[in-house]
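Have the sequence and the 3D view at hand.

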Amino acid sequence: MEYKSRRLNQTTSLVGFIKNIISKYDVATILLCLIAATIPFKINIGNLAIIIASVYTVFFFRKENLKKLKSFSAIFPIAFFLIVIISSLLSNKHMEGLKRLNLEILLVLLVFILVNNKITKTKISKILIWFTYGTVLSVTILLIHNVIKVAQHKELGDLIFHNFTLLYDYHPIYYSLNISIALFFIIHTKTKWFYKKNKVVKTGFIIILLLGLILCVSKAILFINGIIYLFYFSLKIKQLKKKIVYFTILGIVSISVFNIHFIKDRFTDGLRFSPEILNFKPTNDFSQKKIFTYQEKTEISDLELRYVLSSIGVYHLVKDGKLLLGFKQGDTKDYLNYYFFSYNLGPNWYEDFNLHNQYTHMLVTYGVFVLIFFLCYLFFSFYEAIKHKNVMHVFFLILVCFGFLFEVTLVRSKGIVFFYFFNTLFLQNYLNFEDSNNRN
């Protein structure tokens, strides 16, 4: 008995010691910073941070935080995970659909990690600081990698777009989103880390991030950044002299960037929209189908391709009578391949392509009700961000929602983590803020 009592006391002391360490160093917040800092790197590094935070959450989850799961910020990601399961099970190729669960489970993990932490503005600022550090370091490594490529006499194509972010196996539009958030945070924030005391560091970080953004050559993200900053400086700066200075700098940077020949070429070639494509109409009548020639496929622009793919997907979804439930998770790829092939867009061209639009992808895969559910979630996020006057969150939402028009961001690990981590982070902050006000 004496031995058992001594062991029990030792165990109790050890648990107490661990709890003191956790309380002293705020391990939960450190882990959130770790997740944020690893987002701009390879998937395995970022996922390792999420796994570590998840294990911590399992052992130190506080029961009083269960009530936070009732908020829409937590309900949507969890409900969407269940939707993917149901859609997969209803598919003809249900095992194909269930393969998605190893990605979609990230939604649930991120929600549980975040609801177990009392998110405050100070913590968000700390998390964004570490995200910015991680992004700057990540971009710096890629720039050094490019310098090595130049020394090896690599061509321009090896330095930009997909080849720029290839080291991390990162899609350039996703990587551009990371850079844009870090850049805006540096410009917008008034924390001591990036404000008056560190002007040299701040300027250096801005230059590094701008170089990264330029080399990613994402037309959509470059364009929306320019528009947002135009409105941002218009509303933020009141003094006329300052406004002139800022707009002059913005104008010079914008003109310089858009006159870089590879960016200019990307915009010129990617935004072409011919009358033939504008007149394209999907049909089930094979005698009337548009059969794309080899020449037409080689000349189709990025914008034209997105229009054609989404037109085909939505048209055949409706004609097949699958508007309510979609083609379903496990079968969508087969349905789209069949219809792409019928217009001679495959094989070996656009085989296994998604629709390159998050909204139409949500519609054809899960149906109109899930799309409406998703749009409600986005509307709710905008409403909360505007209600709490959170400029950082509004910028984030405009950026990703515009990006959704040109890329299916939420089908890859990096897109899922980036969107749901930051959006849930902001929304949980509002929830904690309102709870504090109610208690007072």
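Q: Where does proline 347 lie?

A: This is a predicted model, and in it proline 347 lies in the loop between helix H17 (332–342) and helix H18 (358–366).

Q: What makes the peptide bond that joins glycine 346 and proline 347 a cis one?

A: Look at omega: for the bond between glycine 346 and proline 347 it is about 0°, and the bond is cis.

Q: Which phi does asparagine 344 have, and where does this residue lie?

A: Asparagine 344 is not a glycine, yet its phi is positive, at about 65°. It lies in the loop between H17 and H18.

Q: Why is asparagine 344 called partly exposed?

A: Its relative accessible area is 28%. Buried would need under 20% and exposed over 50%, so asparagine 344 counts as partly exposed.

Q: What about lysine 328: where is its place, and what is its phi?

A: Lysine 328 has its place in the loop between H16 and H17. Its phi is positive, about 80°, although lysine 328 is not a glycine.

Q: Is lysine 328 buried or exposed, and how do you know that?

A: Its relative accessibility is 15%. The cut-off for buried is under 20%, so lysine 328 counts as buried.

Q: Why is arginine 306 called buried?

A: Arginine 306 has a relative accessible area of 17%. Because buried means under 20%, arginine 306 belongs in that class.

Q: In which helix does arginine 306 lie, and which residues does it touch?

A: Arginine 306 lies in helix H16 (residues 302–319). Leaving aside residues up to four places away in sequence, it touches Leu355, His356, Phe406 and Glu407.

Q: What makes phenylalanine 369 exposed?

A: Phenylalanine 369, found in helix H19 (residues 368–387), has a relative accessible area of 54%. Exposed means over 50%, so phenylalanine 369 is exposed.

Q: Which residues make the nonpolar surface patch that holds Phe369?

A: The patch is made by Ile86, Leu90, Leu324, Leu325, Phe369 and Ile372, and its area is about 620 Å².

Q: Why is isoleucine 30 called partly exposed?

A: Isoleucine 30 has a relative accessibility of 47%. The class between buried, under 20%, and exposed, over 50%, is partly exposed, so isoleucine 30 counts as partly exposed.

Q: Where is isoleucine 30 found, and what separates its C-alpha atom from that of lysine 118?

A: Isoleucine 30 is found in helix H2 (residues 27–38).

Q: How many cavities of 30 Å³ or more does the structure hold, and what lines the largest cavity?

A: There are two cavities of 30 Å³ or more. The largest cavity has a volume of about 50 Å³, and its lining residues are Ala28, Leu31, Leu32, Ala53, Tyr56, Thr57, Ile113, Asn116 and Asn117. H2 and helix H3 (43–60) are the elements that give two or more residues to this lining.

Q: How much space lies in the largest pocket, and which residues lie nearest its centre?

A: The largest pocket holds about 1100 Å³ of space. It is lined by 32 residues, and Ile187, Lys202, Ile206, Phe233 and Tyr246 lie nearest its centre. Helix H9 (172–188), helix H10 (199–216), helix H11 (219–236) and helix H12 (240–258) each supply at least two lining residues.

How values were computed
Residues numbered from 1 in each chain as written. Predicted model: local features only at pLDDT ≥ 70, side-chain atom pairs only at ≥ 80, totals over all residues. Heavy atoms only, no water. Helix = DSSP H or I, 4+ residues; strand = E, 2+ residues; numbered from the N terminus. Buried < 20%, exposed > 50% of the residue type's maximum accessible area, 1.4 Å probe, protein only. Contact = heavy atoms within 4.5 Å. Patch = residues over 30% accessible without salt bridge, like charges linked within 9 Å, V, L, I, M, F, W, Y side chains within 5 Å. Areas by Shrake-Rupley, 256 points an atom, 1.4 Å probe, with all protein chains shown as cover. Salt bridge = Lys/Arg side-chain N within 4 Å of Asp/Glu carboxyl O. 1 Å grid on protein atoms, 1.4 Å probe; cavity = no way out; pocket = protein on both sides within 12 Å on 5 of 7 lines; lining within 4 Å. Points joined across faces, edges and corners; volume = space filled by probe spheres on them.
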